[in-house]
Structures are given as C-alpha cells and as structure tokens.
Amino acid sequence: MTVAADLRAFVASARKELRIMRRYPTLLLSVLFWPILLPAAWVLMGRAYSGSNDPQAIQAFAERAGTSEVTGFVFVGYAMYMWLSAMLWGPGSALRTEQVRGSLEAVFLTPASRLVPLFGPGVATLIPIGLTVVVTGVALWLFFGFVPPVDAIARAAAVLALGIPSLYAIGALFAAAVLRFGEVAPVVQLIRGMFVLACGITFPVAMLPLWAQVWAWLMPPTYIVEDLRRVLLQGAGLGEVAPHIAIVLTIAMLTALVAIAVFRLLETSARRSGMLGRF
C-alpha cells in the first residue's frame with residue numbers, strides 16, 4: 001500500500017463516521033444544552049455561596065485562579081470538559097464501536113494501514129468539539145454578557161487547534177486497549193474523572209495538594225485549559241504560552257508513539273485469541 005492509498009482510506013474512514021453522524025443528528029443534541037447547563041449551574045452556585053459576588057470572595061478566588069472573572073473561568077473549564085469527553089468517547093471508543101457492530105474483523109481484513117482504523121474515525125469528533133466551543137461562547141455572551149476581544153478568541157482557537165493532537169493521542173491509546181479488554185467505557189469514565197479533578201477544569205490547580213499539582217502538570221489538559229484562560233481572561237499572547245504549547249505537542253508525539261506500539265502488540269495478541277470477533 002502506498003501513502004496515497006492509506007490517505008484515501010483515512011479520509012474514507014472519517015467520511016463513514018460523518019455519514020453516520022448525519023444519519024442520526026439527534027446525537028448532537030447534547031452539544032446544544034450540556035455546554036450551557038453544566039457551567040451555568042456552577043456559576044450560579046458559586047455566586048450563591050460567595051454572597052452575590054462578595055469582594056473578599058472574589059479577591060480570594062483571583063489570588064488562586066489568576067483572574068477575577070469567575071464566569072469565564074468556569075465556562076472555559078467546562079468547555080474543556082466537553083472537549084475531553086468528545087475525544088475520549090470518540091477516538092477512545094472507535095474500535096469498540098466497530099467491535100459491537102460486528103465489523104471490526106472486516107476492517108482488519110482490508111489492506112489499509114492499521115493506523116487508519118486507529119486514528120481515522122476520530123476525525124468526526126472535531127465537529128461536536130467545534131459546536132461545543134461555539135455554544136459555550138454564545139451562552140457566555142447571551143446569559144452573562146461576557147465577550148472576550150476578537151484577537152483573544154483567535155489566540156484561543158490556535159491553542160485549541162494545537163491541543164487537539166495530545167487529546168487525540170490519548171483517545172487512540174484507549175482505542176488500542178479495546179483489542180485486549182473489549183469494553184473500555186469504565187476506564188474512559190475513570191480517566192475523564194481524573195482529568196476533571198486534577199487538571200484545573202472546575203477549580204484552580206493551586207488548590208490541590210502539592211503532590212497532586214505535580215501530577216496535574218504531567219497531563220496535557222492542565223496546560224491547555226490554563227492557556228485558554230490566560231489568552232481569553234488575562235490577555236496573554238501566544239508567545240507567552242508557547243512553552244506550554246511545546247510541552248503539549250511533545251506529550252502528544254510520545255503518547256501517539258506509545259499508542260501505535262501498544263496497538264501493534266495487542267493486534268497480534270487479538271488475532272491469536274480471537275478477540276477481534278468478541279464483544
């Protein structure tokens with residue numbers, strides 16, 4: 001197989017997932033309300049507990065979070081949460097979905113590179129991710145009157161784009177595990193919960209114990225959500241967050257290599273044990 005043929009197979013894999021998504025558009029309905037309801041509930045709860053934005057409470061929050069914009073902080077965090085969910089349940093469960101459909105063996109009989117079923121289907125996940133970001137921004141504007149500058153939005157889009165490979169690679173690593181364990185939903189739930197608790201999605205990382213902060217800064221979502229808040233809420237430029245971006249891209253490359261190695265190892269084991277046809 002040539003590289004051109006593998007690229008065609010990659011595009012075909014992504015188109016197949018997009019067609020399924022178009023066939024069942026109600027699957028996207030959650031994108032229209034979860035990005036609004038989840039963060040709005042936390043914002044209103046925070047206002048109630050702080051005594052309707054008490055100055056001392058806001059000052060204490062700003063000292064830990066680096067910004068006094070509580071609403072923006074929470075909404076950016078929950079946009080990251082929805083993004084994580086989409087990446088883990090998309091690329092992370094793509095092979096499992098094929099397995100449940102009974103088509104995984106047929107996919108593996110094709111002459112295309114094995115990297116195509118590992119990385120191709122997750123491309124469709126970029127659509128709900130984009131919709132989540134748009135809905136979050138519109139909700140901030142309509143319900144809370146928060147509108148960041150246009151240049152800050154452009155910088156945030158760049159941070160999002162550069163952060164996608166790292167989360168995509170993490171999802172691919174979970175997808176590879178399907179060949180050994182079959183059902184990976186409980187593990188995906190566990191890792192998503194760990195990211196939420198440890199990566200500063202719902203509260204500042206500074207509030208964690210020191211040992212937990214060390215672990216937090218080993219995870220790509222910590223850098224991504226931190227940089228999004230810096231460019232949107234503090235006016236930071238891309239040059240200021242460039243070191244974090246470099247770290248995230250490095251982790252993405254290493255994780256992708258690990259996912260490929262694990263995938264090849266488990267594929268050999270799955271062929272011997274017949275795991276491809278089990279579900």
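**View 1. Contact of H4 with H12.** In H4, Gly72, Phe73, Val76, Gly77, Met80, Trp83 and Leu84 meet Pro221, Ile224, Val225, Leu228, Arg229, Leu232 and Leu233 of H12 (contact: heavy atoms within 4.5 Å). By class, this contact has 11 nonpolar, 2 polar and 1 charged residues (nonpolar: Ala, Val, Leu, Ile, Met, Phe, Trp, Tyr, Cys and Pro; charged: Asp, Glu, Lys and Arg; polar: the others, Gly among them). The model is predicted: local features need pLDDT of at least 70, side-chain atom pairs count only at pLDDT 80 or more, and totals for chains, interfaces and linings use all residues. Residues are numbered from 1 along each chain as its sequence is written, and side-chain values use heavy atoms, leaving out hydrogens and water.

**View 2. Crossing of H4 and H12.** The axes of H4 and H12 (residues 220-233) come within 10 Å and cross at roughly 140° (axes: lines fitted to C-alpha atoms over the stretch in contact; angles run from 0 to 180 degrees between N-to-C directions).

**View 3. H4 against H8.** The axes of H4 (residues 70-89) and H8 (residues 126-144) come within 10 Å and cross at roughly 160°. H4 is therefore roughly antiparallel to H8 (angles over 145 degrees). Thr71, Gly72, Phe75, Ala79, Met82, Trp83, Ala86 and Met87 of H4 meet Ile129, Thr132, Thr136, Ala139, Leu140 and Phe144 of H8. That contact of H4 with H8 has 10 nonpolar, 4 polar and no charged residues.

**View 4. Kink in H9.** H9 has a kink of about 30° at Gly163, shortly before the proline Pro165 (bend: the angle between axes fitted to the seven residues ending there and the seven starting there).

Conventions. Helix = DSSP H or I, 4+ residues; strand = E, 2+ residues; numbered from the N terminus. Parallel < 35°, antiparallel > 145°, perpendicular 65-115°, else oblique.
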